[in-house]
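Please have the viewer open while I talk.

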Amino acid sequence: MLTIVRDLARQNMEFLFGLLLLAIIVGLVILSYFSPYGPADLYLLPPDMPPDGQYWLGTTSRGQDVFWQLTTALRNTLYFGIGVAILSRIISLVVGLVAGYAGGAVDRVLMAINDSIMVIPQFPLLILFYFVLKDEMTWTVLIIVMASLGWSYDARLIRSVAISLKTRPFTTQSVYSGMSMRKILVEEHLPYVLPIVFATTMNNMIWSIGMEITLAVLGFTDIETPTMGMMIYWANAHSALIAGTWWWVAAPVAAIVVLFMALFLLSMSMNEYNDPRSRLNRMGG
């Protein structure tokens, strides 16, 4: 993986730009641990102060510093996206590799489940979960639910690669040498799909963060946990744009755009790296 990152950094400006934007986001996340205010502190500062030397991004109508609230919200949103991505990557890897290698009835059963998940309308289902669980809809539960819905497309992609790897000579040699299916999948096939997993991880984070922001803006998540969506929710609840406190909305929207651009550029550059023809064209081959 380090070799891939080094090659991308040398040959792909989009990857470097995406890495730079992500570094800015990570820097803000690190700053959140040094915030002088707690995430639940209210009315500690003068409300509705515009950006100035003391309050870099102004204050909210709830007496919170927008800059420090933004760093905490970014941290929670990014951790949420990472949590969903990790869990859904594990599911997609297991389903995709096992279905592609095992074939037969195992493949048919797993792909039937996969296709059923794929056609489920996710957003209405998430809203239904919220109304059913209500107070029990914690961030951990939401991560598990979204991870359970966000693996199917990538599992089918990994399966297609696994089917190709199954016919390679090194797989046949591994079988004849007595390696178990688990060892073949982990030691022989997994390294070939890791670049695809990295690219799909970025896409999955964009999807999960976007879904969380949408649910939060509508008030369908824990409204006391600061996230990017919750910042917009509270700004809208206090009619920030009508009241003229535009910075309360502008800060999270700008941060969301930067985060999505970073993830998109990283995903796009990794997809290009995975395509030999695009890689040769970039190298002038």
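Let me begin with a question: does Thr 225 count as buried or exposed? At 18% relative accessibility, Thr 225 counts as buried, where buried means under 20% relative accessible area, exposed means over 50%, and partly exposed is what lies in between, with a 1.4 Å probe and protein chains only.

Before going on, two remarks on provenance. This is a predicted model, in which local features need pLDDT of at least 70 and side-chain atom pairs count only at pLDDT 80 or more, while totals for chains, interfaces and linings use all residues. Residues are numbered from 1 along each chain as its sequence is written, and side-chain values use heavy atoms, with hydrogens and water left out.

Back to Thr 225, which is found in the loop between α9 (181-217) and α10 (228-237); helices here are DSSP runs of H or I with at least four residues, strands are E runs of at least two, and both are numbered from the N terminus. Leaving aside residues up to four places away in sequence, Thr 225 touches Asn 76, Trp 139 and Met 230, a contact being heavy atoms within 4.5 Å.

The next stop is the loop between α2 and α3, where Ser 61 has its place. Ser 61 is buried, with a relative accessible area of 17%, and, again not counting residues up to four places away in sequence, it touches Tyr 43, Pro 47, Asp 48, His 238 and Trp 248. The C-alpha atoms of Ser 61 and Arg 182 are separated by 56 Å, and the two residues are 121 apart along the chain.

Tyr 43, one of those contacts of Ser 61, lies in the loop between α2 (13-32) and α3 (66-102). What makes its backbone worth a look is a phi near 55°, a positive value in a residue other than glycine, and Tyr 43 is exposed, with a relative accessible area of 55%. Ser 239, in the loop between α10 and α11 (240-243), likewise has a positive phi, near 50°, although Ser 239 counts as partly exposed at 32% relative accessibility.

For a residue within a helix, take Lys 183, which is placed in α9 and counts as partly exposed at 33% relative accessibility.

Stepping back to the whole protein chain, how many helices and strands are there? There are 13 helices and zero strands, and the C-alpha atoms fill a box of roughly 75 × 50 × 30 Å along the principal axes. Of the 285 residues, 47% count as buried, and among contacts between residues at least 6 apart in sequence, 70% join residues at least 24 apart.

The largest cavity holds about 140 Å³ of space, the volume being the space filled by probe spheres set on the points, which are joined across faces, edges and corners. Its lining comprises 14 residues, those with an atom within 4 Å of a point, and Tyr 37, Gly 38, Pro 39, Gln 64 and Gln 69 lie nearest the centre of this cavity.

Definitions and conventions:
On a 1 Å grid over the protein atoms alone, a cavity is a set of points where a 1.4 Å probe fits but cannot get out, and a pocket is an open set with protein on both sides within 12 Å along at least five of seven lines; lining residues have an atom within 4 Å of a point.
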